[in-house]
Amino acid sequence: MQLGSENRRWRLGLFECFSDQRTCILAFVAPCYLYGKTTVLIKESLVWGIATFFMFPFNFCFFAHNRNYIREKSAIEGEFMVDILAVMFCTPCAFAQMYQQAKTEEFQTIIRS
């Protein structure tokens, strides 16, 4: 199930991660913790989420896959290549963005259905 087909946007833009200071600090200081919380929110294994941190250079593919999953379930337009670039070059901001989107009530409703 996905949200309506209208053009939707991320809850926070990629460089708006500074607007939520707690999430921003976690993204820069403890990115594996924030990513782990996000994997739990999207109903993926926490162990697998944390393990992807140690699978360099393939971890960026896993990060991009989860960002793509969140984007598609939220009916946000975009491309997988942009997801890859976001997690490769703006990892903390991408993690903050993914977490903020995944924790919304509307996203959680989609995951439960």
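User: Is arginine 67 buried or exposed in this model?
Analyst: In this predicted model, arginine 67 counts as buried, at 5% relative accessibility, where buried means under 20% relative accessible area, exposed means over 50%, and partly exposed lies in between, with a 1.4 Å probe and protein chains only.

User: What does arginine 67 pair with?
Analyst: Arginine 67 forms a salt bridge with aspartate 83, and the closest N and O atoms are 2.4 Å apart; a salt bridge here is a side-chain nitrogen of Lys or Arg within 4 Å of a carboxyl oxygen of Asp or Glu. The pair links distant parts of the chain, since arginine 67 sits in helix H4 (residues 59-73) and aspartate 83 in helix H5 (residues 80-89), 16 residues apart.

User: And how buried is aspartate 83?
Analyst: Aspartate 83 has a relative accessible area of 1%, and is therefore classed as buried.

User: Which other arginine meets aspartate 83?
Analyst: The side chain of arginine 71 also meets that of aspartate 83 in a salt bridge, at 2.9 Å from N to O. This pair again links distant parts of the chain, with arginine 71 in helix H4 and aspartate 83 in helix H5, 12 residues apart. Arginine 71 is buried too, with a relative accessible area of 5%, and the salt bridges that share partners join Arg67, Arg71 and Asp83 into one network.

User: How many salt bridges in the whole structure?
Analyst: A search of the whole structure finds three, and one of them joins the side chains of glutamate 106 and arginine 8 at 2.7 Å, N to O. Glutamate 106 lies in helix H7 (residues 105-112) and arginine 8 in the segment before helix H1 (21-29), so that the pair links distant parts of the chain, 98 residues apart. Glutamate 106 counts as partly exposed, at 37% relative accessibility.

User: Switching topic, where is cysteine 32, and what does it touch?
Analyst: Cysteine 32 is found in helix H2 (residues 31-41) and is partly exposed, with a relative accessible area of 34%. Leaving aside residues up to four places away in sequence, cysteine 32 touches Ile50 and Phe53, a contact being heavy atoms within 4.5 Å. The C-alpha atoms of cysteine 32 and proline 92 are separated by 9.9 Å, although the two residues are 60 apart along the chain.

User: What's the overall fold made of?
Analyst: The secondary structure comes to seven helices and zero strands, where helices (H or I, at least four residues) and strands (E, at least two) are DSSP runs numbered from the N terminus.

User: Why would you call the size globular?
Analyst: With 113 residues, a compact globule would have a radius of gyration near 13 Å, and the protein agrees because its own value is 13 Å; the radius is taken over C-alpha atoms, and the globule rule is 2.2 Å times the number of residues to the power 0.38. Buried residues make up 43% of the 113 residues, and among contacts between residues at least 6 apart in sequence, 66% join residues at least 24 apart.

User: What about confidence?
Analyst: The protein averages a pLDDT of 84, and 93% of the residues score at least 70, pLDDT being the predictor's confidence in each residue, from 0 to 100. Over residues 1-5, however, pLDDT stays under 50.

User: What conventions sit behind these values?
Analyst: Residues are numbered from 1 along each chain as its sequence is written, and side-chain values use heavy atoms, with hydrogens and water left out. Local features need pLDDT of at least 70 and side-chain atom pairs count only at pLDDT 80 or more, whereas totals for chains, interfaces and linings use all residues.
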